[in-house]
Amino acid sequence: MSSQRPALPGRILERLGSLWTSVPPAGVNQPPHWALGQGFVGSLLIVVGSFGVGWLADASQFNRTALFITLRTETWGVTACIIALVIGAMLLTRSWLRLGQRLRHWGPGTIRPTVAAVLLWGLPLMAAVPIYSRDVYAYVGQGRLMAAGLNPYDTGISSLNNWLELGTDPSWASTRTPYGPYFLWFERWIVQLTGGQPDLSVLLFRVLALGGVALCAYYGYRLAELHGVDGARAVWLTVANPLFLISCIASAHNEALMIGFAVAGVYYAARGNWLAGIALTTLSIGVKPITAVVLPFIGLLWAGPHASWPRKFLCWAGTGLICLGMFAVSSLVYGLGFGWVNAIVDPTPGFIAYTPSGFTSNIVAAVLGAMGLDGGHAAEVYRGVLKWAGIALAVWLIFRGDDRQAVRRLGLAFMAIVVLGPIIQPWYVLWFFPFVAVTGIRDDWQVKLWYLTVVFFVVFGAQDQLHVFGFVNIPLPPDALAGLVALAFVAYLVLLDPKTRRIVFERPRERGSSRISPF
């Protein structure tokens, strides 16, 4: 009797099943399926919680759905959704940590369960109401500006009729867009496809984000292998972590596309295909101009190790000219010009108190204020000094260091700009970390610092961006309730959970796949 191949749906399920159960040889790692399953449950809880406290536009069809009305207006519904969202986010965090423990030896075969984690944990978030941020609705508003023939580099969203109905944060009312021209093209095309309907627009922006996630995972894996670092571990650290999945899929941020193009560009430049590297990096800048910091290092990769200074300067000049040439040609499309430069030279004002810059500047202000001096002005000057110190350190890393570790220097330069800046949104740390991870994260304080960073921002986002109507009476303020649940879960992970507490209290083992190899 001849055997037949199963139908396409059966083959897909069979493939997913192999991803779920695939592990390296017995005795090397533990089966990953429990961690994968718990993370999937965590993602589902996030989705359910988002129905009650996520950001819905006034024009959303869900506002007229009985289930959503109940979950968003009844005390029990809002309370349950806050708890579900926070527990889901923390359960996803625990699953990420446990997957790393179960695959702790890494090596052959571990990329399949790592990819399974990205799929099982990330795809359910496609159905979530936007959480942790509502910037995606600003994308819709800017797309409407583009479709109306207006330039978002000159005109704010408030010039549109009924702009508040589409869910945009009022802080975007007169703000010029900080995004590059290529992302504005995407915004226009999506709005033209959806007619500006917010729910469908959010879904399409998430499809874009999925493309960025795929780029980050694929080229992050290959770039890590190029540096002698375990690619599966690099993907686990960068793409499978809950902060990345929530920020890029649930929040639908354009970070995924920006980082994906940048990592792909660096990979091709490292392989010697400098033209593809410049083109992909230009696409990344065209999504979010902050990745202009990548360009000088593309020039270094083009010049090659031990290159003379004249060759380096020629490669830098060539890199810059090709990039500017691409922008000059594309600026003719829709007449956007070079307005995106404002995103670099005119950054967002203010500061955030939890950043190193903001926290220490508040101490400076308090001390000088107690002495009768103008502490506010001194703190502002202090933050400016730190910001420029970060930029100076990045410039220094462009000119100094081992050329064989150009990608590592890129990650450190990017990190200096972000960490010493006055504003660090949770998703900002995703900008530089892939370039650090693909060149090696040691299994000691380095990886523990990354754990701490991810957990901090997951907890912070869970209580910072909750949409709860003022007339809903719940036992505690929404942010306080979310914060207490999150901190209780963190205390459990650190003090009580017999598995995850090892991360804090056990000494790390040496692992070859974590080393930093010269390139």
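Biologist: Why is Cys216 called buried?

Modeller: Cys216 has a relative accessibility of 5%, and buried means under 20% relative accessible area, exposed over 50% and partly exposed in between (1.4 Å probe, protein chains only); Cys216 therefore counts as buried. This is a predicted model, in which local features need pLDDT of at least 70, side-chain atom pairs count only at pLDDT 80 or more, and totals for chains, interfaces and linings use all residues. Residues are numbered from 1 along each chain as its sequence is written, and side-chain values use heavy atoms, without hydrogens and water.

Biologist: Why is the sulfur of Cys216 too far from the closest cysteine sulfur for a bond?

Modeller: The closest cysteine sulfur, in Cys248, lies 6.7 Å away, whereas a disulfide is a pair of cysteine sulfur atoms within 2.5 Å. The structure holds zero disulfides.

Biologist: What makes Cys81 buried?

Modeller: Its relative accessible area is 2%, so Cys81 is buried.

Biologist: Why are helix 4 and helix 5 called roughly antiparallel?

Modeller: Helix 4 (residues 75-102) and helix 5 (residues 111-122) pack at about 175 degrees, with axes 12 Å apart. Angles under 35 degrees count as roughly parallel, over 145 as roughly antiparallel, 65 to 115 as roughly perpendicular and the rest as oblique, so the two helices are roughly antiparallel.

Biologist: Which residues of helix 4 meet helix 5?

Modeller: Leu92, Ser95, Trp96 and Leu99 in helix 4 meet Pro113, Ala117 and Trp121 in helix 5, where contact means heavy atoms within 4.5 Å.

How values were computed:
Axes are lines fitted to C-alpha atoms, for helices over the stretch in contact, and angles run from 0 to 180 degrees between N-to-C directions. Helices (H or I, at least four residues) and strands (E, at least two) are DSSP runs, numbered from the N terminus.
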